[in-house]
Each structure stands twice: as C-alpha cells, then as structure tokens.
Amino acid sequence: MEDKIRKAAEILVGAQNAVALTGAGISTESGIPDFRSPGGLWTKVDPGEFSLDRFLQNPTRFWRLHLDLKASGEFDLASAAPNAAHAALARLEQMGLVKCVITQNVDNLHQRAGSVEVVEFHGNMLRAACLRCRAAEPIEDVEARLTAGDPDAARCRKCQGVLKPDAVFFGEAIPAKAMNISHVQSQKCDALLVIGTSLQVYPAAQIPMTVKLKYPPAQVLEINREPSALHEQVTDVLMLGSAGDLMTRLLNTVEELLKR
Ligand code: APR
C-alpha cells in the first residue's frame, strides 16, 4: 500500500487542478452510517422515504420519520464531528493542492473541518428550505417546533409554504449552482481524489467519467473500503481501507515530498 500512497502523493503534488469527490464513506468514521454498506441507511430505511414524490404526498409523515431517525442515533448529523479524513482534505486545500471538494454528503462536515471550496452536490441536511419562497432556516429550529407539538412546525415562517430539508431527494434536481461549478471544475481537473463513494448514483458518478474522457484525461485516485462501481473504468490508483487512515498517510507523504 505504501507504494500506492506514494504514487498518489506524487500525482497530487504534480497536479495543477486537483479536485476531491467525496461520498458517505468519508463520514462513517464520524459515526454517520453510509447507505449501501452492511448496516448502511438503505439497509434500514426504504430509500423511497427520501423521494420528492412521497415527501410531497405527506410532509408531516416524513418529518416524523426524520425525528425518529435522529432520536435513534442512526442519522444524527448535528452531533457528528469531522474525522481525520475531513481534516486531511482541508489541509490539502490550505496547501493549495486540492482546489475544491465536490461532496455528495449533506452533513456539513467538510465545512466544519475547514474546507472552504465545498460544492454541496446533494444539498445540506442541516438546513430546511421553503418549497414556495426558498427561505431557509436551521433544521434544528423545525425539529424543536415539531417536538413542541407546533401544528405549523414544518411551515415556512414567511409564507406558510411547506418546509423540506435542503438535501436533494430522489427525483429532485441537483442545485443548478452545484451542477455548474462541478462541470467547470471537472473540465479543469487534472487529478480527481475519489473518497468513500460507491459511484452508483448519477449524476455525481458522471464526474469521474467526465474527467477521464476529456483530453488529456485526469488521473483518478480512489480511497474506498470497497472498490467503487466504476473503478475498472476510471481508477488509476486504488487504495482500499479506512478513509481516515489513508488520507492521513497520503497527507504525510505529500508533506514529505514537499520538504525535498
Ligand atoms: N473508509 C473508506 N471508505 C468507506 C468507509 C471508510 N471508513 N466507510 C464506507 N466506505 C465506502 C464504502 O465501501 C462505499 O464504497 O464508502 C462508500 C459508500 O457508498 P454509499 O453508501 O453508496 O454512499 P455514496 O456513494 O455516498 O452514495 C451516493 O446515494 O443514496 C444516495 O444521496 C445519497 O449521496 C448519496 C448517494
């Protein structure tokens, strides 16, 4: 593995526009389950509960499920803390070696770890937004009103529209700004660091394909516990193991190379 980490570090140090693409696997060591591993969220909850259609049929039912998931500790994003992988990625950005983090995660942990250029490809679950006027508020304020039994808890304070978590649900469009920035970054990218994602959900999974198909193709470095669905097509350096451990070793190797 040391030789793979060194090769990945050399690619990162030599890159002009390295970008990171992260998924739920970067946050499991913060106590947030991923989706498709054994014990992942989709092995316990029907993904259909997070579809826009079903939400619109009965928002109150979804909000009750949301409170139950939070109370069970299964998906309590607010109490999670960034881990070593988030910290290493933030450090690589501070060193100018990673220009941007495109994340599929909705847990805000990259920002809390100090990453600045973060593209929330699937939105952010710590905010609730009004479906009518787009006014947003911390989701914990909605949770507090729901817990207090307020019948209008999930109604917008401004226009009484329906409040929905600001994460992208199935059947919902990727935020236009996130899509545009990701496209620009993909076109400039000469090294893509893929961390903790199975690459099974589009259009996020299109990003590694895009950077590989353009000319010259970017080099793709993958850190995963299991190989992603696209590793045979896109991955140049596959490092299997813990994101926290491997990102820390990658950062250390990069710092050693830069001392030379
Ligand atoms: N270290 C490294 N890799 C890990 C770790 C870890 N500690 N824990 C899990 N992984 C890997 C798994 O092996 C898997 O490859 O992270 C990946 C997680 O894959 P998924 O559970 O499919 O999560 P993700 O790829 O982010 O899902 C994409 O699907 O349901 C939607 O909107 C949801 O954003 C999500 C999207």
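Select strand 4 (residues 123-130) and strand 6 (residues 163-167). Five bridges join strand 4 to strand 6, and the two run antiparallel. Strands here are DSSP runs of E, at least two residues long, and helices are runs of H or I, at least four long, both numbered from the N terminus. Two strands pair if DSSP finds at least two bridges between them. Click A129: its bridge partner in strand 6 is K164.

This is a predicted model, where local features need pLDDT of at least 70, side-chain atom pairs count only at pLDDT 80 or more, and totals for chains, interfaces and linings use all residues. Residues are numbered from 1 along each chain as its sequence is written, and side-chain values use heavy atoms, leaving out hydrogens and water.

R127 has P138 as its bridge partner in strand 5. Strands 4 and 5 form a hairpin with five residues between them. Stop at R134 in the turn: its phi is positive, about 70 degrees.

How many residues of strand 4 are buried? Six of the eight are, so strand 4 is largely enclosed by the rest of the structure. Buried means under 20% relative accessible area (1.4 Å probe, protein chains only).

Now select helix 1 (residues 2-14) and helix 10 (residues 243-259). They pack at an angle of about 60 degrees, with axes 9 Å apart. Axes are lines fitted to C-alpha atoms over the stretch in contact, and angles run from 0 to 180 degrees between N-to-C directions.

Finally, show the side chains. Among the contacting residues are I5 and L12 in helix 1, and L250 and L257 in helix 10. Contact means heavy atoms within 4.5 Å.

How values were computed: Buried means under 20% relative accessible area, exposed over 50%, partly exposed in between (1.4 Å probe, protein chains only).
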